[in-house]
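Subject: Structure for your review

Dear colleague,

Please find below the structure that I am handing over to you. My findings follow it.

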Amino acid sequence: MPEPKPTADAIGTYVDVAAPLLGLTIDPAWRDGVVGHLAAILAAADRALSGPLPDDLDAAPVFEAAP
């Protein structure tokens, strides 16, 4: 059974609790944006990890910035 998707309230609570533990101060005016971006990252990760990976898949050994 798949795990339930986190709600915006749950992500907001996570931001409120995790930020001080990480030594981060989030301006209250930016909090909703931080929550929205974290929700987008979670959705992208869920989509990327939702399908099966082929057995012959190799991780890229080196990542280089494009010139």
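A residue is called buried when its relative accessible area is under 20%, exposed when it is over 50%, and partly exposed in between, using a 1.4 Å probe and protein chains only. By that rule A8 is exposed, because its relative accessibility is 55%. T7 has a relative accessible area of 47% and is therefore partly exposed. Of the 67 residues of the chain, 9% are buried.

Please note that this is a predicted model, in which local features need pLDDT of at least 70 and side-chain atom pairs count only at pLDDT 80 or more, while totals for chains, interfaces and linings use all residues. Residues are numbered from 1 along each chain as its sequence is written, and side-chain values use heavy atoms, with hydrogens and water left out.

The chain has two helices and zero strands; these are DSSP runs numbered from the N terminus, with helices being H or I of at least four residues and strands E of at least two. A8 lies in helix α1, and T7 is in the segment before α1.

How do the two helices meet? The axes of α1 (residues 8–21) and α2 (residues 31–49) come within 9 Å and cross at roughly 115 degrees. Axes are lines fitted to C-alpha atoms, for helices over the stretch in contact, and angles run from 0 to 180 degrees between N-to-C directions. The two helices are therefore roughly perpendicular to each other, a term for angles of 65 to 115 degrees.

In the contact (heavy atoms within 4.5 Å), A8, I11, G12, T13, Y14, V15 and D16 of α1 meet R31, V34, V35, L38, A39 and L42 of α2. The C-alpha atoms of A8 and A39 are 7.3 Å apart, although 31 residues separate them in sequence. By contrast, T7 and A60, 53 residues apart in sequence, have C-alpha atoms 33 Å apart.

As for overall dimensions, the C-alpha atoms fill a box of roughly 45 × 40 × 20 Å along the principal axes.

Yours sincerely

Notes
Angles under 35 degrees count as roughly parallel, over 145 as roughly antiparallel, 65 to 115 as roughly perpendicular and the rest as oblique.
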